[in-house]
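Hi,

Here is the structure I promised to pass on to you. Have a look at it first, and then read my notes below.

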Amino acid sequence: MKKKSAKAEPSDSPITVIPREQHSISRKDISNNALKVLYRLNKSGFEAYLVGGGVRDLLLHKNPKDFDIATNATPEQIRHLFRNCRLVGRRFRLAHIMFGPDVIEVATFRGPHDQIESNDRNQSHKAQSGMLLRDNIFGSVEEDAIRRDFTINSLYYGIEDLSVRDYVGGMADLNAGIIRLIGDPETRYREDPVRMLRAVRFASKLGMTIEPATAEPIPRLAFLLKDIPSARLFEESLKLLQTGQGYKTYKLLREYHLFQPLFPIIQRGLTQNGDSPMEKLLVQVLKNTDSRLQNDKRVNPAFLFAAMLWYPLLEHAEKLAQEGGLPYNQAFSLATDDILDEQYRSIAIPKRHTTTMRDIWSLQLRLPHRQGKRANKLMEHPKFRAAYDLLELRAGVEPRHELKELVQWWTEFQQSTSSQQRGMISKLGNRPIRRRMRHRRGPTGQNRNDD
């Protein structure tokens, strides 16, 4: 085991207090509800600090998504002070203070889990891999600072004197643009393997660099993600790919060998040159998602996952059809079940999204069938627009004239009057549909998914 970093011990990194006049955080930029919680805890005789990403983002002149609070009040004491409070979690006991849809998360300072007697029923518990299974050991603010993951997330803003307290060199790393784990990286990753994903996410989101000692163990320990519940990894995957830096994050995930544990089905189809239709579609849908988010447009996880898994689904369906002698539609249906089941084992995509994915996929087989009343019925389908967007993306990565022709037809059809639409359908006549359209491969489109 490697020796712990000097930053792991409080005696080696004395507190630095940055007074109000030397930092940029203003109370006007903090949620009023967070301020209410801070003031009530403080007036009731407890220490209370804004901590974590909220402090980090305020110092970077960004708008925080959440405002989290750390205090020496126990969860029960917090619940006694706030009637609108509920306690959640087993692994980490937390207080959620509810202000309508706004939730302020309050955590009691954590203590050093490795100094508790083994027979203490409230101690932290570890798996053989080193992963923390339960951790409700309370301590001081100094101990809490050392227990946090990254130095830039271990800065404390106090409401009493409006200063920022830094116990682990977080301000220096923030100013230098460095993502650094507190303590021994391998130990900390084994405690919670999701920290590897968080390191990549913060590096992408904040435009920072992962410090070498923090980065080194990640490829070696990426396999530990298999021990993380797949439902938790679904939530982490959204943070990775649907917060505006998905393409950059995807490249870092591959660089640090973290993509395979999340998407083993896709990993199997990656090529050395990165120029397969699947990879081109993956890159394009991530770039389009980033663009939509940066323009404050909605995105749907179901569409992203449907696009990412389209080519693995297609390949598996063709294999089932050829090896099992099945009709293609039946093979496609079976392949849909297989792909979703396999992906669920690593990332548990909820049924509300897989239902939409199934619709988007099945519509790819139906969109070429436009004769009679079919075109109008397809346009009435709730997921038509998402299916059309995937079709357009496919036409961008597959060099096939018939697919581009189909996209052009549907584009014109959506913009036409009823009489013009009847004329377009009439021109189709009864010519046979090219059934091999869905089997061949191959260029880059614009996703305008509003579903």
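This is a predicted model: local features need pLDDT of at least 70, side-chain atom pairs count only at pLDDT 80 or more; totals for chains, interfaces and linings use all residues.

Let's start with helix α17, which covers residues 328–346. It has 19 residues and reaches 27 Å from its first C-alpha to its last, close to the 27 Å expected at 1.5 Å a residue. Which residues of α17 are buried? They are Y328, A331, F332, A335, T336, I339, L340, Q343 and S346. Seen down the axis of α17, these buried residues fall within an arc of 160°, so they line one face of the helix.

Now try helix α11, residues 246–255. Its buried residues are G246, T249, Y250, L252 and L253. Around the axis they cover an arc of only 165°, which puts them on the same side of α11. They pack against α7 (194–206), α10, α12 and α14 (277–294). Following α11 you'll find H257, with a positive phi near 65°.

Buried in α22 are Q421, M424, I425 and L428. Their arc around the axis is only 95°, which puts them on the same side of α22. On the other side, R422, S426 and K427 are exposed. The buried residues of α22 pack against α19 (374–380) and α21 (401–415). Just after the helix, G429 takes a positive phi of about 60°.

On to the strands. There is an open sheet of 8 strands, in the order β1-β10-β9-β2-β3-β6-β5-β4, and its pairing is mixed. Why do β1 and β4 each have a side without a neighbour in the sheet? β1 (16–18) and β4 (85–88) stand at the edges with a single partner strand each, so one side of each is left without a neighbour. From one strand to the next, the twist averages 30°.

You can follow part of the sheet pair by pair. β4 is joined to β5 by 4 bridges, and the two run antiparallel; L87 stands opposite A95 in β5. Next, 6 bridges join β5 (residues 94–99) to β6, again antiparallel, with F99 opposite D102 in β6. β5 and β6 form a hairpin with 2 residues between them, and G100 in the turn has a positive phi of about 65°. On its other pairing, β6 (residues 102–108) runs parallel to β3 (residues 68–71), with 4 bridges joining them. There, A70 stands opposite A107 in β6.

Finally, look for helix α1 (residues 32–43), which lies across β2 (48–51), β3, β5 and β6. α1 runs at about 35° to β6.

Cheers

Methods
Residues are numbered from 1 along each chain as its sequence is written. Side-chain values use heavy atoms; hydrogens and water are left out. The expected span of a helix is 1.5 Å times one less than its number of residues. Buried means under 20% relative accessible area, exposed over 50%, partly exposed in between (1.4 Å probe, protein chains only). The arc is that of the directions from the helix axis to the C-beta atoms. Two strands pair if DSSP finds at least two bridges between them. Contact means heavy atoms within 4.5 Å. Axes are lines fitted to C-alpha atoms, for helices over the stretch in contact, and angles run from 0 to 180 degrees between N-to-C directions.
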